[in-house]
Amino acid sequence: MGHPPTDPDDRARRLYDLTAARAGRAVLAGYSTSFGLGSRLLGARPRADIEAVYALVRIADEIVDTYRGPDARALLDELEAQTARALESGYSTNLVVHAFAATAHWTGIGHDELDPFFASMRTDLTVRVHDRASYEAYVHGSAEVVGLMCLAVFLNADRLPGEPVRRGDERLRAGAQALGAAFQKINFLRDLGTDAGGLGRSYFPGVAPGSLTQAQLDAIVGEIAADLETARSTLPDLPRRARYAVDATSALYERLLHQIASTPPDEVLTRRARVGTPRKLAVVAGAVARQSRGRS
């Protein structure tokens with residue numbers, strides 16, 4: 001750990017950076033216990049970076065899923081513009097954006113990830129039912145690029161200043177995209193009822209809002225299981241602390257998937273799958289033990 005800055009301007013800037021990072025942590029703590037538990041297995045720097053990524057993604061999602069006011073499109077556009085400006089300047093008056101920009105600068109996250117992400121968020125304001133092409137485009141922008149952002153965080157966690165940004169090979173990137181897609185699709189299943197009732201929305205191709213057959217559920221579960229298998233195949237190639245975090249978070253989501261897969265379709269539509277805190281802690285402990293033994 002370095003010495004604290006002695007210049008007053010440096011101290012003030014450092015205080016602002018830390019305050020922005022705390023804002024990201026507060027957003028994650030408020031919305032996701034699963035990601036929160038997994039992120040605690042990371043070191044201080046990557047944990048703060050994951051929190052910053054999560055916070056930006058979450059507030060964009062809140063605009064299109066919770067607020068949904070007549071100016072939602074304008075608010076999302078402004079958030080995207082704020083983020084773009086912060087990528088250039090390294091500064092924002094929006095604490096969540098400021099924290100994200102610092103993470104992006106360190107990890108190499110840029111418009112390759114952000115442009116498809118905001119495009120997918122914008123889709124949520126206009127598209128209610130997806131075909132295969134729009135579904136795959138939406139999953140790429142809303143989830144696969146988020147997986148790539150997380151991979152960038154993991155690979156650059158211990159990079160020293162002056163060293164080139166690490167981006168990962170095609171195999172690792174495919175695993176990160178598959179992991180993001182799997183988590184997103186499990187959340188689609190968990191929210192199938194509320195998305196249909198409150199938003200008139202269905203993400204899965206061929207699944208009308210408010211309906212689900214056993215054959216459709218089986219096919220969706222199989223698709224997600226394949227995504228998780230692809231992601232798990234790359235787990236041994238991640239940095240050690242990232243393996244702990246990804247294994248733990250994956251195990252929590254797999255638990256949710258197994259619960260959904262064993263639930264009748266009509267109950268999937270009316271009862272959101274959850275894992276209780278004691279079970280979550282046990283699943284995380286199991287992942288930590290598994291990685292400690294060197295098995296993925």
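Biologist: Where does Asp169 stand at 47% relative accessibility: buried, exposed or partly exposed?

Modeller: This is a predicted model, and every value we discuss is computed from it. With a relative accessibility of 47%, Asp169 counts as partly exposed, because exposed requires over 50% and buried under 20%. Asp169 sits in the loop between helix H7 (132-155) and H8, and its side chain reaches the backbone nitrogen of Leu172 at 2.8 Å.

Biologist: Which backbone oxygen does the side chain of Thr194 reach?

Modeller: The side chain of Thr194 comes to 3.1 Å from the backbone oxygen of Asp191. Thr194 itself belongs to helix H9 and is exposed, its relative accessible area being 54%.

Biologist: How should I read a pair of aromatic rings, and what describes it?

Modeller: Two quantities describe such a pair, namely the distance of the centres and the angle of the planes. The structure holds 11 aromatic pairs. One of them joins Tyr16 and Tyr91, whose rings lie 5.1 Å centre to centre with 20° between the planes, and this pair is stacked. Tyr16 is in helix H1 (residues 8-31), whereas Tyr91 is in the loop between helix H4 (72-89) and helix H5 (95-107), so that the pair, with its members 75 residues apart, links distant parts of the chain. Tyr91 is partly exposed, at a relative accessible area of 40%.

Biologist: What kind of pair do the rings of Phe188 and Phe204 form?

Modeller: Their centres are 5.7 Å apart and their planes stand at 80°, so the pair is edge-to-face. Because Phe188 lies in helix H8 (residues 170-190) and Phe204 in the loop between helix H9 (192-199) and helix H10 (214-233), the pair ties together parts that are 16 residues apart in sequence. Phe188 is buried, with a relative accessible area of 4%, and Phe204 is buried as well, at 3%. Both also belong to one aromatic cluster, together with Tyr135, Tyr138 and Tyr203.

Biologist: Turning to the helices, at what angle do the axes of H1 and H3 cross?

Modeller: The H1 and H3 axes cross at roughly 65° and come within 8 Å, which means that H1 is roughly perpendicular to H3.

Biologist: At what angle do helix H3 (residues 44-67) and H5 pack?

Modeller: For H3 and H5 the angle is about 125°, with the axes 8 Å apart. The two helices are therefore oblique to each other, since the roughly perpendicular range runs from 65 to 115 degrees and roughly antiparallel needs over 145. The crossing of H3 and H5 is also left-handed.

Biologist: What is the value of phi for Arg68?

Modeller: Arg68 has a phi near 50°, a positive value in a residue other than glycine. Arg68 is located in the loop between H3 and H4, and at 43% relative accessibility it counts as partly exposed.

Methods. Residues numbered from 1 in each chain as written. Predicted model: local features only at pLDDT ≥ 70, side-chain atom pairs only at ≥ 80, totals over all residues. Heavy atoms only, no water. Phe/Tyr/Trp six-rings, centres within 6.5 Å; stacked < 30°, edge-to-face > 60°. Helix = DSSP H or I, 4+ residues; strand = E, 2+ residues; numbered from the N terminus. Buried < 20%, exposed > 50% of the residue type's maximum accessible area, 1.4 Å probe, protein only. Polar contact = N/O pair within 3.5 Å; in protein donor to acceptor, adjacent residues only side chain to side chain. Axes fitted to C-alpha atoms, helices over the stretch in contact; angles between N-to-C directions. Parallel < 35°, antiparallel > 145°, perpendicular 65-115°, else oblique. Left-handed = near helix turned anticlockwise from the far one by under 90°.
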